[in-house]
Every structure is written in structure tokens, then in C-alpha cells.
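Here's a quick briefing to read alongside the picture. Take a look at the fold first, then work through the points below.

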Amino acid sequence: MSLKTIVGAKGYKVLKNGIWSDHPVCSTTLGICSALAITNKIENAIAMSAGVIFVLLLTSLLISTLRKLIPSRVRIITYMIVIATCVTIVDKFLKAYFPPLSEAMGPYIPLIITNCIIMGRAEAFFVQNNTYHSILDAIANGLAYSYSLLAVAVVREFLGFGSVLGFTVTPAGWENWVLMALPCGAFFVLGIVLWIIRTLANIELPGAKG
Amino acid sequence: MKERIIMVVFILILGSFLTTALVIVDNFTAPKIKANEEKKLQINLMKILDIPFDEKDESSIKQTFTENVETLSKGDFTYYKSKNNDIAFEIAGPGAFGPLTGAMAISSDFERLKGVTILSNSETPGLGTRLFEEVYLKNYKGKKIVPEIKVLSGGGAKSENEVDGITGATLTGVALQNLLNKEYKRVKPIISESE
């Protein structure tokens with residue numbers, strides 16, 4: 001049984017769009033701020049991805065369920081308070097059960113509130129589609145965000161710290177490439193990742209011909 | 001008019017529903033967060049008071065702390081005393097770019113620094129924050145805080161009152177120096193009065 005028959009034709013399209021052809025980071029360059037900031041270690045990237053996926057899921061559930069009730073004039077405010085609540089829950093949870101991780105992430109967990117992927121999907125998808133498809137869209141976009149973050153983080157942690165997930169994997173004479181651990185390293189690596197995914201997924205940008 | 005009332009009612013209902021959810025989450029996590037902060041403080045106090053402990057053994061940290069450190073208070077002010085009468089207390093004040101909090105320890109005769117630790121700061125990562133690394137703060141051990149400690153950004157510390165700063169962290173160095181001097185002067189009368 002293929003994935004298409006499980007999730008339905010529209011569901012499949014939603015998944016494919018989110019994960020690949022309409023990639024939130026690579027196609028619409030949303031969520032770049034956090035993708036640049038916390039990808040110096042794989043651990044941070046995983047925590048950030050988990051946080052964003054959780055917030056996306058909860059937001060998609062709430063917004064799509066309430067979509068017929070939300071007065072259109074206050075819809076942005078509605079997204080904001082829903083997203084802010086979810087993010088605060090994530091922040092408290094990390095502070096309580098993973099204090100070192102919460103410290104390493106610093107202000108970037110509360111800043112998930114301003115992650116454009118969540119706002120963008122709420123406005124572009126959750127508020128117009130049913131709960132089932134919204135959740136699929138949330139999963140797809142969350143996964144897309146996660147794997148692009150992981151791709152950047154693996155390269156940066158390996159080159160910048162000589163380790164993978166905190167385990168040293170490089171030989172004794174290895175010289176850490178400090179630039180990669182610093183924020184500017186993220187620009188280079190993210191740029192390359194964007195390039196690769198855009199080329200593979202054949203993403204064409206409006207006004208970028210020739 | 002009706003549309004506006006619906007708008008307000010909707011936001012009010014959604015807001016109170018979400019707030020309730022947050023209150024519940026807060027109730028569950030608040031004690032745990034408080035315990036984490038307390039543990040972090042205890043670890044850092046033991047570090048600056050030179051009390052050996054096993055950082056990997058989570059359960060023993062609290063025990064080692066209560067066995068070796070006496071927690072005293074005077075009004076709102078709390079301070080800590082080790083077995084050889086060294087005194088430690090929490091400090092807070094302005095850094096160069098935002099608030100600094102931490103703890104410092106002084107010898108029983110109020111003359112010398114035993115140790116300094118910074119728990120939270122908003123300084124520039126990689127520059128100002130280098131001053132708060134344990135390796136650097138070790139330099140403060142044994143320095144004289146009477147009459148004042150000086151952080152020399154250019155280096156070349158000679159007397160017992162002087163510590164070398166770090167190039168690129170001049171402002172943070174000054175902030176740290178002022179914090180230590182100010183907190184020492186604030187705390188000394190309080191503690192000596194109660195001794």
C-alpha cells in the first residue's frame with residue numbers, strides 16, 4: 001500500500017508540497033533566523049526542530065478547528081496568541097526537564113513565536129483547510145524545516161567542533177574550523193543547502209529567470 | 001456593531017482558554033524549574049567555595065551542599081558559609097550590555113576573593129562572555145578586594161588588587177570590576193553585623 005492511498009490524493013499532495021516542492025526554508029526562505037542561529041550543534045537543531053514541530057501541530061489543530069469561528073479581522077491576533085501559548089509551553093517544558101539544552105538555546109525558544117513558518121502556514125493553509133489536511137501540512141513543513149536544519153547542523157558541528165552529536169569523530173591532529181561554529185558559518189552552509197535543495201526539487205522562483 | 005462584539009467575545013474566550021492551559025502547565029513545571037535553579041546555584045557556590053563534589057552524581061549534589069555549606073540569612077539577604085568560614089553570596093548588577101547575575105566568595109577576614117561565578121549575562125558572545133569562563137575567573141582567586149579590585153584591560157597586573165582583563169572585553173571587564181566592588185561594599189556591613 002502506497003503512501004498515496006493511506007493519506008488520500010490531496011493529503012499526498014500536501015505532504016509532497018511541504019516536504020519537497022514548496023519547501024518552507026528553501027523555497028520561501030521562511031524560518032531562516034533560527035536556522036542560522038542554532039545550527040552550530042546537532043543537539044540544538046534537534047531540540048529546535050522538535051519545538052517547531054510541536055508548535056506547528058498544536059497551532060494547526062487549534063486554528064483549523066476554529067477556522068469557521070475566527071472573525072477574519074482578528075485572525076492574525078488569534079494566530080499570535082495561539083502560537084505564543086504553544087511556545088510558552090515548550091519553553092517551560094525545556095526549562096523544567098532539559099535545563100542545559102534550554103540554556104544553550106537561550107532566547108531562541110521564545111523566539112519560535114516569530115518563526116514565520118508557523119505564522120505563514122496558519123495564514124496560508126490552516127485557516128482555509130480542514131483539520132486533517134492542516135495536520136498533514138504541519139507535519140510536512142515541520143519535517144522540511146527539521147531536515148534542512150539538521151543538514152546545516154551536521155556540517156557545522158563536524159567542521160566547527162570536529163564532532164557529531166557531541167562525540168568526537170575526527171583524528172587527533174584535526175584543527176577545528178572556528179568560522180563554522182560562529183554565526184557567519186551558518187550563512188555559507190545554509191546558502192549551499194538552499195542551492196542543493198532548490199536544484200534537486202527544481203524550485204523556480206518568481207522573477208529569478210535566466 | 002454585532003461583528004465587533006463577536007470579535008471581542010471570541011478573543012476573550014480564546015484568551016481565557018489558553019491562559020488556563022498555561023496556568024496548568026506552569027503549575028506542573030514551576031517546582032521543577034525552581035529546583036533546577038537551586039541546583040545550579042548550589043553547584044556554583046560549591047565551586048567558588050572550593051568544596052569538592054561529584055558533578056555527575058545528581059543526587060549527591062544537594063547532600064554535599066547541605067553537609068558543607070551553612071545557609072544563613074539576615075533580613076532579606078541570604079548568604080552561605082563554608083566549614084572554614086569563607087563566605088559566599090549572590091550578586092547582581094549591570095553589565096556592559098545587560099544585567100549580570102552570579103555569586104562571589106570571600107575569605108572569612110573579608111580581605112580576599114575566594115572565587116567568582118557568573119550565572120547569567122547578556123554580553124557579546126565570544127568577546128565579553130569569555131570573562132565568565134571558569135578558566136578565566138580562576139584568576140580572581142586570592143586577589144585582594146580591599147580597598148578595591150581592578151580589572152586591567154591592557155594586562156600587566158602587578159599588585160594583589162589587580163587582575164588582567166581580556167582584550168576585546170574592556171567594557172565587560174569594567175562592569176565586572178564595578179559589580180564585585182559594589183556588591184562587596186554593600187554586603188560587608190550586613191554580614192559583619194550579624195557575625
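Let's start with Ser107(B): skipping its neighbours within four places in sequence, this residue is in contact with Asp86(B), Arg112(B) and Lys114(B). You'll find Ser107(B) in the loop between strand 4 (99-106) and strand 5 (113-120) of chain B. Keep in mind that this is a predicted model.

- Is Ser107(B) buried or exposed? Ser107(B) has a relative accessible area of 12%, and anything under 20% is called buried, so Ser107(B) is buried.
- Phe110(B) is also found in the loop between strand 4 and strand 5 of chain B.
- The phi angle of Phe110(B) is positive, about 60°, even though Phe110(B) is not a glycine.
- Phe110(B) has 11% relative accessibility and counts as buried.

**Other spots to check in chain B**

- Look for the peptide bond from Val146(B) to Pro147(B): this bond is cis, with omega near 0°.
- Where does Pro147(B) sit? Pro147(B) is in the loop between helix 3 (134-137) and strand 6 (150-152) of chain B.
- Leu171(B) belongs to helix 4 (residues 170-194) of chain B.
- Leu171(B) is exposed because its relative accessible area is 58%, and exposed means over 50%.
- From Leu171(B) to Ile190(B) you move 19 residues along the chain, and their C-alpha atoms are separated by 29 Å.

**Chain B as a whole**

- Chain B is built from 4 helices and 7 strands.
- If you walk along the sequence of chain B, the pattern reads α-α-β-β-β-β-β-α-β-β-α.
- What would the radius of gyration be for a compact globule of 195 residues? That would be near 16 Å, but chain B has 22 Å.
- The C-alpha trace of chain B spans about 75 × 40 × 35 Å along its principal axes.
- Of the 195 residues in chain B, 39% are buried.
- Take the contacts in chain B between residues at least 6 apart in sequence: 47% of these join residues at least 24 apart.
- Chain B has an accessible surface of about 10,900 Å², and carbon and sulfur atoms account for 57% of that surface.
- Count the charged side chains in chain B and you get 25 positive and 26 negative, with the centres of the two sets 2 Å apart.

**Chain A as a whole**

- Over in chain A, the secondary structure comes to 10 helices and 2 strands.
- The pattern along the sequence of chain A is α-α-α-α-α-α-α-α-β-β-α-α.
- A compact globule with 210 residues would have a radius of gyration near 17 Å, and the 18 Å of chain A agrees with that.
- Along its principal axes, the C-alpha trace of chain A spans about 60 × 45 × 40 Å.
- Buried residues make up 45% of the 210 residues in chain A.
- Among the contacts in chain A with a separation of 6 or more, 75% come from residues 24 or more positions apart.
- The accessible surface of chain A is about 10,400 Å², with 69% belonging to carbon and sulfur atoms.

- Asn44(A) has its place in helix 4 (residues 42-66) of chain A.
- What does Asn44(A) touch, not counting residues up to four places away in sequence? The list is Ile38(A), Leu101(A), Ala104(A) and Met105(A).
- Asn44(A) counts as buried, at 7% relative accessibility.
- Thr29(A) lies in the loop between helix 2 (9-21) and helix 3 (32-37) of chain A.
- Thr29(A) isn't a glycine, yet its phi is positive, at about 45°.
- With a relative accessible area of 38%, Thr29(A) is partly exposed.

**Cysteines**

- How many disulfides does the structure hold over all chains? The count is 0.
- Cys116(A) is in no disulfide, and the nearest cysteine sulfur, that of Cys33(A), is 8.2 Å away.
- Cys116(A) is partly exposed, with a relative accessible area of 36%.
- Cys184(A) is in no disulfide either, and its nearest cysteine sulfur is that of Cys33(A), 15 Å away.
- Cys184(A) counts as partly exposed, at 33% relative accessibility.

Methods. Residues are numbered from 1 along each chain as its sequence is written. Chains are lettered from A and ligands numbered from 1 in the order in which they are written. This is a predicted model: local features need pLDDT of at least 70, side-chain atom pairs count only at pLDDT 80 or more; totals for chains, interfaces and linings use all residues. Side-chain values use heavy atoms; hydrogens and water are left out. The radius of gyration is taken over C-alpha atoms; the globule rule is 2.2 Å times the number of residues to the power 0.38. Buried means under 20% relative accessible area, exposed over 50%, partly exposed in between (1.4 Å probe, protein chains only). Contact means heavy atoms within 4.5 Å. Accessible areas come from the Shrake-Rupley method with a 1.4 Å probe; for residues, only the protein chains shown count as cover. Lys and Arg count as positive and Asp and Glu as negative; His and the chain ends are not counted. The place of a charge is taken as NZ of Lys, CZ of Arg, CG of Asp or CD of Glu. A disulfide is a pair of cysteine sulfur atoms within 2.5 Å.
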